[in-house]
Amino acid sequence: MSLKMKVSEKEKLFTDLFSKNKGKIYRLCSAYLIDKTEVNDLFQEVMINVWNNIEKFRGESQISTWVYRIAVNTAFMFNKKAKKNKELFLRFSPDSHPLNNKPEETGNEPSNEMIKILHQTINTLANQDKIIISLVLEGLKYEEIGAITGLTLSNVGVKINRIKSVLLKRMKEVQNG
Amino acid sequence: MDNFKELSTIWQSNLPQENGIKVSDLRSSGIIDKLKKLEKKHFRINLIKTIAVGVLTLFLTYNILSLPNVSILTKSALGWIILSLMAGMFFYWRMQYNSSQFNFLDNSLAFIESTIIKLNSQKQIITRLMPVMVISLIIGMNAIYLDLLQEENFTIRISMHLFMTSFLLLAMYLGLKVRKRRFNNDFKPIIDELDLIKQNFKNDE
């Protein structure tokens, strides 16, 4: 096989990555930005960077860590004012935005209001804290967060504790009006 | 809401799947094809630029060599100017290319540090490359004037040299000003933001 990944392999890997990670990446984008159009633009930028870097995946880290690194770094570089690539990906319909997303009610789902409050509260955090807390909310381990951000394990722990307490305090304030 | 696990569940239940992009859409709507096109576009742009410079160099060299009744000094000066411009363009593109290659696969701290360096290197295009190119141009143009104005009196010759040199220096000054403004508008805000993120990342250490 040639050194360069075959186009069909690249497409297959991209499709696989996309299907497994689109929800996580979209949530990370929506934690970082609040405006729906900007969230969609950022999501698109992440996917373009995933496509452009897919041949560099060596399997040295977990694929999810690899995708998260691209997503987080793209978010940090995201320029809201810059002219975007044409709408490459289909726009998420407004209904699909987290703030408008209404899961089917079976009695166990969290209320839409709670999701809204959570998003609003995350949005009040500093940029790097938004990213870290969204990784925590996705259930990533400290080691994984350290591998994505480059922070030491102890630093990750300190940060997460601080962000969690701020987030919970602010959520309480919002809930209590 | 004291239980963070509950928050995590809420977060993860927040799936934009059903109304969002489906994997089948990737092919049916031609997203993959568009991604490929976008990837090729940058390669094509660089290729076209390189070919254009090559063709221009050959064309100008041929024309200079075939100029009738032109002294060796003028021909050499023209050659010097062309070579300087071509070298300048080559270095400009190389610097632009290097400073736009961001390593998204690094961890965030390493990415931020290398990106800040790369974005700051855009300044070098302004502060180093442009003055070197303008000085080369001034040397070449003065050599041509020296040859072409041999018949004129001393005052005219000095005035012409001074006028041309000041004109090029003024052009450089304006060029530097425009580039600096562009740097401050396009890159400085990103550098400042990345600097802030970097500082905040290191805060709890």
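Me: Hi! How many aromatic pairs are there over all chains?
Reply: Hello! The count comes to 10 aromatic pairs over all chains. Keep in mind that this is a predicted model.

Me: Thanks. What kind of pair do A:Phe14 and A:Trp51 form?
Reply: A:Phe14 and A:Trp51 form an edge-to-face pair, with 5.3 Å centre to centre and 85° between the planes.

Me: And which helices do A:Phe14 and A:Trp51 lie in?
Reply: A:Phe14 lies in helix H1 (residues 7–32) of chain A and A:Trp51 in helix H2 (residues 36–53) of chain A, so this pair ties together parts that are 37 residues apart in sequence.

Me: Nice. Switching to cavities: how many of 30 Å³ or more are there?
Reply: There are 2 cavities of 30 Å³ or more. The second largest cavity holds about 40 Å³ of space.

Me: Which residues line the second largest cavity?
Reply: Its lining is made up of B:Gln122, B:Ile126, B:Arg179, B:Arg182, B:Phe183 and B:Phe187. Helix H6 (122–148) and helix H7 (154–186) of chain B each give two or more residues to that lining, and the largest share, 3 residues, comes from H7(B).

Me: What about the lining by class?
Reply: The lining of the second largest cavity has 3 nonpolar, 2 charged and 1 polar residues.

Me: Last topic, the surface. Which residues make the nonpolar patch of about 410 Å²?
Reply: That patch is made by B:Phe43, B:Leu47, B:Ile51 and B:Val55.

Me: Where does B:Ile51 lie?
Reply: B:Ile51 is in helix H3 of chain B, which covers residues 31–65.

Definitions and conventions. Residues numbered from 1 in each chain as written. Chains lettered and ligands numbered in written order. Predicted model: local features only at pLDDT ≥ 70, side-chain atom pairs only at ≥ 80, totals over all residues. Heavy atoms only, no water. Patch = residues over 30% accessible without salt bridge, like charges linked within 9 Å, V, L, I, M, F, W, Y side chains within 5 Å. Areas by Shrake-Rupley, 256 points an atom, 1.4 Å probe, with all protein chains shown as cover. Salt bridge = Lys/Arg side-chain N within 4 Å of Asp/Glu carboxyl O. Helix = DSSP H or I, 4+ residues; strand = E, 2+ residues; numbered from the N terminus. 1 Å grid on protein atoms, 1.4 Å probe; cavity = no way out; pocket = protein on both sides within 12 Å on 5 of 7 lines; lining within 4 Å. Points joined across faces, edges and corners; volume = space filled by probe spheres on them. Nonpolar A, V, L, I, M, F, W, Y, C, P; charged D, E, K, R; others polar. Phe/Tyr/Trp six-rings, centres within 6.5 Å; stacked < 30°, edge-to-face > 60°.
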